[in-house]
Amino acid sequence: MPSPDLLPLQGETLRVRGQVQGVGFRPTVWRLARACSLRGDVCNDAEGVLIRAWGTTSAIEEFVRRLRAEPPPLARIDTIERSALTAQNTPAEFTIRESADGTAQTGVAPDAATCPDCLREIRDPQDRRYRYAFTNCTHCGPRLSIVRRIPYDRRNTSMAPFVQCPACQAEYDDPADRRFHAQPNACPACGPHLQLFDANGNAVHVEGARDTIDAAHWLIEQGSIVTVKGLGGFHLACDAGNAAVVAKLRRRKRRYSKAFALMARDVVMIRRYAHVSADEQALLEDRAAPIVVLDAIPGSLPEALAPGQHTLGFMLPYTPLHHLLMQDMARPMVLTSGNLSDEPQCIDNADALARLAGIADFWLHHDRDIVNRLDDSVARVAVGRPQILRRARGHAPAALPLPAGFEQAPPVLAMGAELKNTFCLLGRGEAILSQHMGDLEEAHTLADYRRHLDLYRQLFDHAPQRIAVDLHPDYLSTQIGQGLASEAGLEIVKVQHHHAHIAACMAEHGLPLDTPPVLGIALDGLGLGADGTLWGGEFLRADYRGFQRLASFSPVPMPGGTQAMHEPWRNTYSQLWAFLGWETVQADYAELDIVRFLAAKPLATLNTMLQRGLNSPRSSSCGRLFDAVAAAIGICREAITHEGQAAIELESLATPVFAEEARRAYPTAPLIGDDTCPRLAWTALWQSLLDDLRNGTEPARIAARFHHGLINTIVATAIEIARAHVIDTIVLGGGVFQNRLVLEGVSAACAAAGFKLLHPQLVPANDGGVALGQAVVAVARSNLGE
């Protein structure tokens, strides 16, 4: 056998695509290449990472195998494209080189939770980064939250003012070090520092405290509300086990019912207060470190943390600051967004001092700017898999690879919806979905949306050829998109809201551009339909190019228009008026509390509105049906304080007895009317519900029976339609499918009937996923999709 040194050298070019920039990929390639005795080089470019390698055939194969098996923690390899390298002078060694034009084209990765190595350093008294709150490396730490522009290097981030000391610079320059080109690299000698203030801006010192973090920890345990500057924004922190301080925070923040997020030291602590499965533990410990919605252990923490809910949202520490703050905590702490209710969280020190005055008692700040606001991501396990409910810190701006057929798609900018907005940049075979922006009706959020549109287009060098918007002309996202298209002379593509929901799920699951039609079931609050009415309970025969409405919930008026979205009783009255007739209800159920409640309302005015269609748009909304049922059994009857509250509390009420009530489901609604688009009529459901109220049935059992009846109706309708149209794939979308009972019930029954069932997982089922759907529909309608 000849010596390996005598075997002929082969040359290959390897093009690596995926999340491979800004994550320590080049030094990993450098290390593995040297270990495999390869020569050549690696660089970043506009398409990903380019490797040129010379070595024996077996050595190159071993290198590729190890690269796939041992990527950096934050990397995601989508493809490795290999081609022979034409003969040229073979380098003497393997090196890391700059891009061809001398400019690093390093991409921007999501912010990532503290890695085990950095955690070990901050806990080691002998380490120079002991208890240092800004410790990071190429495997963890801030990314999107600190970047101002490209290329992504230190001078273009909020770390620019902090010049690295010789020790940090040596780490930064060494390819063998895990801090090689880690842009936020710092230590106590050269990096950002913490400060603790009171409400008057005076520095606070606590006798006996080891440092600023220890002082803040002591204040929280003593019952104070402390503002904590995190990765993507400010949070308000307090002791989650102190009912009095939790109540005080609700009053001050004016957040009277929406659940607070909690942070615990570790999973062991969480298990004292919530049930945690193996899948949920993995989700908690994921590098994105989302808030994970868990089933609570009743009575373990104050009910005021999540009023009317059977779940708690927990996250683990994801920065060194959080780890050190939680290290000696006896109980979890509330870590809720630093804002007044409905406003975006603060990111600026001065703004936080001003806007949170009167809410916080103390401020734990630092001198590294947060450039880009990032809310905490929210997730849970459903149908045995992780499901993202809000996609933000830890996930954005990671690209989503698009299915076959989209590789040559022209660049598209999709503007998203009005509520829970995200926007999407599509091009080069991938989609970049922004972080959760929020509700654009709020002025601060709208300004943030505009700024991030500009930032993302600059960061990703995105020049759209088409702009996709929602059909609704009053959505601010639609109006801004139309303005951008007009200014640049671009084509505008209007995409129906529920079609976008279904298309987003199709794209996430890799259905190719030319996939045959699926049956899409889109259930949500509402969206403008193709006929100009409000939809929200839809069964669509859909592909990427278009859709046909095959069935829907019966449209019911929304008396007062948007008022009906905030006052659930209006929907109860309208449903009873539409399906049973109010006179019949009064005659047969006059003794019921809900009937007496409704009878005290200005019914003469309401009846005139309903009969004449005055400010009472008809809607097939599933969300409004949930509101109506919730109000009927006493949940949020008069008003809600946040979107989806009534439906969330209805699900929570039903959950403990859901399995017991399967055989007492309310009747399956029949399809009636026009054969081209029949409607589901809820007459029997409402009769059964009112009968249960008259018989004194517990509200929880009524809620469970409603859920079973709804699930059975959705499944029966889907199976009937799919078989009639010879469709084998059912795709779910819309915010109602964030209800775990509905999602799991529909998924299990459709799968048992032999259908392929797809539901949103990586992209939110609610309006946070609409932009992705808009983008792929816009591509499908272009020449590429013809």
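Arg428 is exposed, because its relative accessible area is 57% and exposed means over 50%, whereas buried means under 20% and partly exposed lies in between (1.4 Å probe, protein chains only). The residue sits in the loop between strand S18 (424-427) and strand S19 (430-433); helices (H or I, at least four residues) and strands (E, at least two) are DSSP runs, numbered from the N terminus. Phi of Arg428 is near 55°, a positive value in a residue other than glycine. Most residues other than glycine have a negative phi.

The model described here is predicted: local features need pLDDT of at least 70, side-chain atom pairs count only at pLDDT 80 or more, and totals for chains, interfaces and linings use all residues. Residues are numbered from 1 along each chain as its sequence is written, and side-chain values use heavy atoms, with hydrogens and water left out.

A positive phi is also found at Ala289, where the angle is near 50° in a residue other than glycine. Ala289 belongs to the loop between helix H8 (278-284) and strand S10 (291-295). Ala289 counts as buried because its relative accessibility is 2%.

Two peptide bonds deserve attention next. Most peptide bonds are trans. Ile150 and Pro151, however, are joined by a cis peptide bond with omega of about -5°. Pro151 is placed in the loop between helix H3 (116-122) and helix H4 (166-173). A cis peptide bond also joins Ala396 to Pro397, with omega of about 5°. Pro397 lies in the loop between strand S15 (385-390) and strand S16 (399-401).

The cysteines come next. A disulfide is a pair of cysteine sulfur atoms within 2.5 Å, and by this rule the count comes to 0 disulfides. Cys140 is in no disulfide, and the nearest cysteine sulfur, that of Cys118, is 3.7 Å away. Cys140 counts as buried because its relative accessibility is 0%. For Cys505, the closest cysteine sulfur is in Cys750, at 13 Å, which is too far for a bond. Cys505 is buried as well, with a relative accessible area of 2%.

Which residues of helix H24 are buried? Helix H24 (residues 770-780) is mostly covered, with 11 of its 11 residues buried. Among them are Val770, Leu772, Gln774 and Val779.

The view may now widen to the whole protein. It has 24 helices and 30 strands. Of its 786 residues, 61% are buried. Contact means heavy atoms within 4.5 Å; among contacts between residues at least 6 apart in sequence, 72% join residues at least 24 apart.

The overall dimensions can be described in two ways. The C-alpha atoms fill a box of roughly 95 × 70 × 55 Å, taken along the principal axes. The radius of gyration is taken over C-alpha atoms, and the globule rule is 2.2 Å times the number of residues to the power 0.38. Because the protein has 786 residues, a compact globule would have a radius of gyration near 28 Å; the protein has 28 Å, which agrees.

The surface and the charges complete the picture. Accessible areas come from the Shrake-Rupley method with a 1.4 Å probe; for residues, only the protein chains shown count as cover. The accessible surface of the protein comes to about 29,500 Å², and 50% of this belongs to carbon and sulfur atoms. Lys and Arg count as positive and Asp and Glu as negative, while His and the chain ends are not counted; the place of a charge is taken as NZ of Lys, CZ of Arg, CG of Asp or CD of Glu. The protein has 75 positive and 87 negative side chains, and the centres of the two sets lie 1 Å apart.
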